Amino acid sequence: ICVNITNDTKPALLAEHPLEEAISKLSDIPAHYEGSGLAIRWTPGVEMLPVHSPPLPPSVPTNVFLIGHERFLVVDPAPSGSDEQAHLFAAIDRRIDSGHQLEAVLLTHHHLDHIGALDAVRKRYSLPVWSHVLTAKDYNLPLDRALEDGDWIDLGTAPDGHTPWGLRAIFTPGHAIGHLALEDPHYGVLIAGDLVSTIMSIFVGTPGGGHLRTYIDSVRKMLKVSAKILFPSHGPPTFDVHNLFEHTLEHRDWRIEKVRGALDDTFESLEKITDLVYRDVVDRRLRDLCLRTTRAALEYLEED
């Protein structure tokens, strides 16, 4: 059984240790994840830190990623809370103390639950910020390198010694105007941002910068990417990459058809259509989000 249980970069193989030694190592695990500086390592070159951040309700953690090996990036420094930021700093400091070089902050997009620690991380480590130009331009964010579709981000030497190694930026707007996904072709990894999620439907609404047809086109575009494992910003990773994209498209089609069906009954107001389409949603905090996603679906139908 392989479990990462220490604060250094070497995983401990419990099966290779005597019971007493394994118990001793397990006792060194911090009692609480938040503040420990520990990260979840799923694949070579990817560390994931689920942290609380200030999204729209319902509250779900946002995944921060440390991508790379001897040279690494912070992708989507999400948390705005002091405890969560301290956890992120501890994880970064652990990597730096082990001799790894932190090169930049990279943003998949501009939403608040992805940039809560942007200023703090940038200033603490004197880092440049990389993103799509649309992410920075309309939201007054710092930008030191503009990433376009197909741009290559060099990460140096992979953990297995492979070189060249890096990430390919993939422009995937729709959820946000400047959204990027990141592909590591060597290990078959896809950092999906908010393009898809393994635990919920991604919000695509207007007003607010979303555009449903563009979003659907971006998801369809990703069906051509041969990734083996996908890391979303919300939820655990999945190896069922292609089916996740297919399911996302099917869900969108289902919602659009519900809106179309509601038009057969009434066109009294956006509110009335929303009530018909989202009658299965009982959390009233989501009311505004439902109105905006319904509006996006109406705009989609109008474009047809």
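At what angle do helix 6 and helix 9 pack, and how far apart are their axes? Helix 6 (residues 212-222) and helix 9 (residues 287-303) pack at about 85°, and their axes are 8 Å apart. Axes here are lines fitted to C-alpha atoms, for helices over the stretch in contact, and angles run from 0 to 180 degrees between N-to-C directions. Helices (H or I, at least four residues) and strands (E, at least two) are DSSP runs, numbered from the N terminus.

The model is predicted: local features need pLDDT of at least 70, side-chain atom pairs count only at pLDDT 80 or more, and totals for chains, interfaces and linings use all residues. Residues are numbered from 1 along each chain as its sequence is written, and side-chain values use heavy atoms, with hydrogens and water left out.

Back to the helix pair. Helix 6 and helix 9 are therefore roughly perpendicular to each other. The classes are these: under 35 degrees is roughly parallel, over 145 roughly antiparallel, 65 to 115 roughly perpendicular, and the rest oblique. On the helix 6 side, Leu212, Arg213 and Ile216 make the contact. They meet Ala296, Ala297, Tyr300 and Glu303 of helix 9. Contact means heavy atoms within 4.5 Å. The residues of this contact divide into 5 nonpolar, no polar and 2 charged. In this scheme Ala, Val, Leu, Ile, Met, Phe, Trp, Tyr, Cys and Pro are nonpolar, Asp, Glu, Lys and Arg are charged, and the others, Gly among them, are polar.

Buried means under 20% relative accessible area, exposed over 50%, and partly exposed in between (1.4 Å probe, protein chains only). Take Val196. Leaving aside its neighbours within four places in sequence, Val196 is in contact with Ile202, Tyr215, Leu230, Pro232, Leu244, Phe245 and Thr248.

Next, the charges. Side chains of opposite charge can pair when their charged atoms come close. A salt bridge is a side-chain nitrogen of Lys or Arg within 4 Å of a carboxyl oxygen of Asp or Glu. By this rule the model has 16 salt bridges. One of them joins Arg94 and Glu47, at 3.4 Å from N to O. Arg94 sits in helix 2 (residues 82-97) and Glu47 in strand 4 (residues 46-51), 47 residues apart. Both residues are buried.

Arg71 has two partners to follow. Glu103 meets Arg71 in a salt bridge of 2.8 Å, N to O. Glu103 lies in strand 7 (residues 101-106) and Arg71 in strand 6 (residues 71-75), so this pair ties together parts that are 32 residues apart in sequence. Asp154 also forms a salt bridge with Arg71, with the closest N and O atoms 3.4 Å apart. Asp154 lies in strand 10 (residues 152-156), so its pairing with Arg71 in strand 6 ties together parts 83 residues apart in sequence. Asp154 is partly exposed, at 34% relative accessible area. Elsewhere, salt bridges that share partners join Arg41, Glu47, Arg94 and Arg95 into one network.

The backbone deserves a look too. Two peptide bonds are worth checking. The bond from Thr163 to Pro164 is cis, with omega near 0°. Pro164 lies in the loop between strand 10 and strand 11 (165-171). A cis bond also joins Thr206 and Pro207, with omega about -5°. Pro207 is in the loop between strand 13 and helix 6.

Where do positive phi values turn up in residues that are not glycine? Asp76 has a phi of about 60°. Asp76 lies in the loop between strand 6 and helix 2, and it is buried, with a relative accessible area of 1%. Ser126 has a phi of about 55°. Ser126 lies in the loop between helix 4 and strand 8 (129-131). At 65% relative accessibility, Ser126 counts as exposed.
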